[in-house]
Each structure stands twice: as structure tokens, then as C-alpha cells.
Amino acid sequence: MNTGIDIRVERSTEAALKTAADVLLETARSAAAGGGCISIAISGGSTPRGMHRLWARSPYASAIAWDRMHLFWADERLVPYAHPDSNFGEACTDFIDKLAMRPTGVHPVPVAGDPESLAQRYEEELRAHFRMRGLAEPVFDLIILGVGADGHTASLFPGSPALEECRRWTAAVKGGQPEVWRVTLTYAVLNRARRVVFLACGASKAAVVRRVLTAWPPDLPAQRVRPQDGRVMWLLDPAAAALLESPVGAAAANEKPPS
Ligand code: 6PG
């Protein structure tokens with residue numbers, strides 16, 4: 001089943017970051033209404049930091065049931081948590097250390113050891129978490145992703161063998177900026193999520209946003225995130241949307257090969 005893509009262009013970067021922060025609030029509320037815990041995965045890089053900082057402030061700090069939250073990473077650079085390139089380290093600075101999250105609810109990627117066994121360890125942690133939720137499949141309530149100028153998302157880079165991994169939930173890859181070993185979630189997880197939000201801001205993203213939302217065939221890594229039972233939203237600021245003829249046109253163009 002093909003899911004529709006919802007493209008949302010906000011009037012400013014701040015508005016896009018706020019809408020992204022609100023998506024977690026909504027997700028947390030509906031998940032908590034079901035009485036269960038909330039499983040989310042976030043990304044690194046510069047774009048989401050403004051959103052992460054909003055989570056540590058009102059209304060999000062008190063309105064989101066952080067004590068029910070299980071926080072994972074869509075990818076991580078295998079550097080020490082205190083290193084400036086650590087996605088977990090940045091998240092601690094931006095919101096985790098400021099919120100009443102239970103340590104058992106925070107699931108950073110292990111970073112000391114050989115990349116392959118670290119990827120396997122993170123897969124085991126994911127499997128244990130979803131087993132605890134009575135699920136055999138990795139069904140995140142929300143995954144927030146970014147996109148690189150080359151069309152990568154998480155640490156799924158163009159040409160990487162990890163793109164073809166459809167059984168394992170994680171993979172060890174080397175690449176990106178900074179060019180380091182990383183652990184990334186695979187499509188086996190990204191395409192099982194209930195909701196995926198791509199957050200892209202700034203003129204440096206305009207060309208890739210246009211390609212991802214209009215190019216056919218959909219062979220860029222970010223284009224292959226199509227949750228089979230989930231929703232995808234592209235949340236953009238005006239600069240990132242600048243090369244889109246019209247968001248609606250782009251959504252339609254992404255649905256079928258050009259006539
Ligand atoms: C990472 C990210 C990566 C990121 C994009 C966009 O750890 O590098 O998860 O996938 O989302 O590279 O990064 P920026 O937001 O910094 O442009």
C-alpha cells in the first residue's frame with residue numbers, strides 16, 4: 001500500500017521547528033491516551049536542534065509524558081558521547097538533561113567497540129524494547145528524520161550496501177560529514193513506523209527537497225522511506241521549499257511516474 005506524502009511549508013524556520021515540536025506533543029498525547037509507552041527515534045545534525053531545545057521548554061517540558069517516553073536514535077556517529085559530533089551528546093545538552101526522563105527511557109547507540117557488534121547490540125536493544133511492548137516488529141510511534149544534500153537520511157547514504165538491508169534493523173556504515181563509522185536504522189525499521197516526519201530547513205536543502213519530492217524513479221535514500229502502514233510528512237521552511245513549484249504538485253509527482 002502506498003502512503004500519501006503530506007508536505008507542509010511553514011512561514012518561517014521558527015514556525016517549522018515549532019510544528020515539528022508539536023508533532024511530538026500530539027504523538028505523545030495519542031500514545032499516552034492508549035495507556036502505553038511512547039517509542040520515538042530522532043536524528044542528529046544541525047536542523048533538529050532548535051526543535052530539541054523547544055522540547056525542554058514550556059509547554060512541551062510539562063505537557064509531554066516524558067516518563068512514558070522511550071527515546072532512540074535513527075543514527076549515531078561512533079564518537080564518544082562528550083564529542084561535539086555525538087548526536088546523543090547534543091541531545092543531552094539540548095533537552096534530555098533538562099527533563100525528567102527515566103534513564104531506562106533513553107536508549108543511546110553504544111559507541112565504544114567495533115561498529116558491526118555495536119550495530120548488533122543496538123538491534124538487540126530495539127528488539128527487547130518492542131518485545132516489551134508485545135511487538136515482534138519495530139513499530140515506532142514517530143521517527144524524525146533529516147535529509148542531506150546528497151539525499152541521504154539517517155546514515156543511509158547513496159550507494160551504501162545498508163540501503164539493501166531489509167532483514168536487519170540496524171547497520172554499521174562509514175560515511176557522511178563527519179566521515180566516521182556510524183550505526184543507522186535500516187528501512188526494515190523506518191518503513192514500519194506509524195509516523196515519519198522529515199524536517200528540512202534552509203536554502204541548502206532546496207535542491208534536494210525538490211529532487212526527493214519530484215524525481216522519478218525514487219532512488220534517493222530519503223525517497224525510499226515509505227512506511228507501509230504509516231504517514232510521511234515533509235516539514236519545510238520557505239527556503240527549503242523554494243524550488244518546489246507547488247507542494248501539492250510535488251506530492252502528486254511523487255506518487256506516480258511522470259506521464
Ligand atoms: C546525522 C544525521 C543525518 C542528518 C542529515 C542532515 O547524524 O548526520 O542523522 O542524517 O539528518 O545529515 O543534517 P543537517 O540537519 O545538519 O543538515
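1. In the counts that follow, Ala, Val, Leu, Ile, Met, Phe, Trp, Tyr, Cys and Pro are taken as nonpolar, Asp, Glu, Lys and Arg as charged, and the others, Gly among them, as polar. On that basis the lining of the largest pocket in this predicted model comprises 6 nonpolar, 12 polar and 4 charged residues.

2. The largest pocket holds about 320 Å³ of space. Its lining is made up of 22 residues, of which Gly44, Gly45, Arg77, Val147 and His152 are the closest to the centre of the pocket. This pocket is also the space that the ligand takes up, and the ligand and the pocket are therefore best read together in the points below, given that a molecule is assigned to a pocket when more than half of its atoms lie within 2 Å of the grid points.

3. Around the ligand itself there are 15 residues, and the closest of these are Ser46, Thr47, Asp75, Ala154 and Lys205. Sorted by class, this shell consists of 9 polar, 4 charged and 2 nonpolar residues.

4. On the backbone side, a polar atom of Ser46 is 2.7 Å from a ligand oxygen, and a backbone N or O atom of Ala154 is placed 2.6 Å from an oxygen atom of the ligand. The side chain of Arg77 contributes a polar atom at 2.9 Å from a ligand oxygen. Taken on its own, the ligand has 420 Å² of accessible area, and the protein covers 87% of that.

5. The bond that joins Gln177 and Pro178 is cis, with omega at about 0°, and Pro178 is placed in the loop between β6 (170-175) and β7 (180-185). The peptide bond from Trp216 to Pro217 is likewise cis, with an omega near -5°, and here the proline, Pro217, is found in the loop between α7 (206-214) and β9 (231-236).

How values were computed: Residues are numbered from 1 along each chain as its sequence is written. This is a predicted model: local features need pLDDT of at least 70, side-chain atom pairs count only at pLDDT 80 or more; totals for chains, interfaces and linings use all residues. Side-chain values use heavy atoms; hydrogens and water are left out. A residue is near a molecule or strand if one of its heavy atoms lies within 4 Å of it. A polar contact is a pair of N or O atoms within 3.5 Å; within protein, one must be able to donate a hydrogen and the other to accept it, and residues adjacent in sequence count only if both atoms are side-chain atoms. Accessible areas come from the Shrake-Rupley method with a 1.4 Å probe; for residues, only the protein chains shown count as cover. On a 1 Å grid over the protein atoms alone, a cavity is a set of points where a 1.4 Å probe fits but cannot get out, and a pocket is an open set with protein on both sides within 12 Å along at least five of seven lines; lining residues have an atom within 4 Å of a point. Grid points are joined across faces, edges and corners, and a volume is the space filled by probe spheres set on the points. Helices (H or I, at least four residues) and strands (E, at least two) are DSSP runs, numbered from the N terminus.
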